[in-house]
Amino acid sequence: VAAMGSEDGVPGAAYGRMVIIGIGYLFPISAIWAAFDYWKQLFPDRNVEFIVTCIYQAGAIGTVAILSCRPSIDFHRRILGGLVGQFLCLGCIFAFRWMPLPPGQLYFVLLGLVWAVSVATGFLDSSLLALCSQYSPRMQEMMQVGIGFGTFVSVVYRDSTKFLITGNDANSASAYFVVAMLTIILCVYCYISLITMPFSRKVLGEKKIGQSSPRASPHLSPSCEGVNAALADAEVPLLERPAGGTLLRRVWVNEFAIFGNFVLTTILYPGLLTSIPCNDWVALRSGQWFQMMLLSIFTVSDVIARLVLWIRLGLDYSNVWVTVVVRACMPVALLACATGAVKSDLLSVLFVVACGFANGYCGSISLIVINERPDLTSVEKRAAGRYSAVAVNGGLCVGSFLGMYLGSAFGLAGQLD
């Protein structure tokens, strides 16, 4: 990352911080997904990944839609508020095991906390995409790398705590969520550090320190006020954008590619992936270790793909829709593994590798190339960033419900109510 920064004039430390911010962006829901073995122990008659994903995605897109219609407020407050909200939700999940409630009520407490996580993440969605649009496209790439690492780190955390604290999933899950909370604290530090760097002040058009800003929060330090004002000015509600329809007609193919790729993401992950049974490798059947391995393989493949985004394979903003067509066959492959039509664990692993790589590469490319359109001004790129946030959340939400439908239709979802 440091070498990358020296090549294009952007400090390597800025890229490193954006990677860590990307890790925290979707980390809480990734942490909940990665603890599926703990939920399986608490709710053995349910595959909670399907319903958790639906509630999370519906809550996130609802939050983004509401925020898009509200009068402009500063991004700095939204980003910090979202991260703090995520931290508090993880704290409640950490205390989950000590709640004196029967399993049926605990199940609904979990779903309520998932909804709260979705609202906190909704505050981050459009804000972080618009923040990245103020930098170079490479900064967007770094956030995408961080998002991939976030899922990977959550799985590594869970694998490590489960391996080191054997015989008690409750204890290992508690340790896991403590480490997850510390990760969010690190992300808050990196965000504040990034926007107060001299490089960021220049890019975001910070006013001189000491110059008053009508939008600056009195609770922010002087070093954050100018950035706070710049980010506030960057946000205009979608419904109030001038010539918004004209812009949407120009970028709708790119937004379709974003939407389609993220629909395919939650059709596959995590519900369908964790429903694949262990057939040949009997040593991995107990303790959900085979499914944990599949999650790890998927996330490693996803991260590797995000690290090679500089290889474009001929893709640009004019033809990125092809990625949706290529990925469309992947749910069929994983469904065949989950239903037993494919009984080879090796084939299941190979399919998961392909799905993970395509998820990281195609989803990230679709978000990056829209910022490379030469016919968009900086203001239009910010507006397109808001459209992209809606496309991302809309795709994830639709995909989660399609995934739950497939899980229910093929007997994979278990009891849903």
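Trp33 is buried, with a relative accessible area of 9%, where buried means under 20% relative accessible area, exposed over 50%, and partly exposed in between (1.4 Å probe, protein chains only). Tyr56 is likewise buried, at 3%. This is a predicted model, in which local features need pLDDT of at least 70 and side-chain atom pairs count only at pLDDT 80 or more, while totals for chains, interfaces and linings use all residues. Residues are numbered from 1 along each chain as its sequence is written, and side-chain values use heavy atoms, with hydrogens and water left out.

The structure holds twelve aromatic pairs; rings of Phe, Tyr and Trp (its six-membered ring) pair if their centres lie within 6.5 Å, and planes under 30 degrees apart count as stacked, over 60 as edge-to-face and the rest as tilted. Two of these pairs are set out below.

| Pair | Geometry | Centre to centre | Angle between planes |
|---|---|---|---|
| Phe27 and Tyr157 | edge-to-face | 5.8 Å | 70 degrees |
| Trp33 and Tyr56 | edge-to-face | 6.4 Å | 75 degrees |

Trp33 lies in helix α3 and Tyr56 in helix α5 (residues 48-68), so their pair ties together parts that are 23 residues apart in sequence; helices (H or I, at least four residues) and strands (E, at least two) are DSSP runs, numbered from the N terminus.

Phe27 is buried, with a relative accessible area of 0%, whereas Tyr157 is partly exposed, at 23%.

The charged end of Arg158 sits over the ring of Tyr176, 5.8 Å from its centre, a contact that requires CZ of Arg or NZ of Lys within 6 Å of the ring centre and within 35 degrees of the ring normal.
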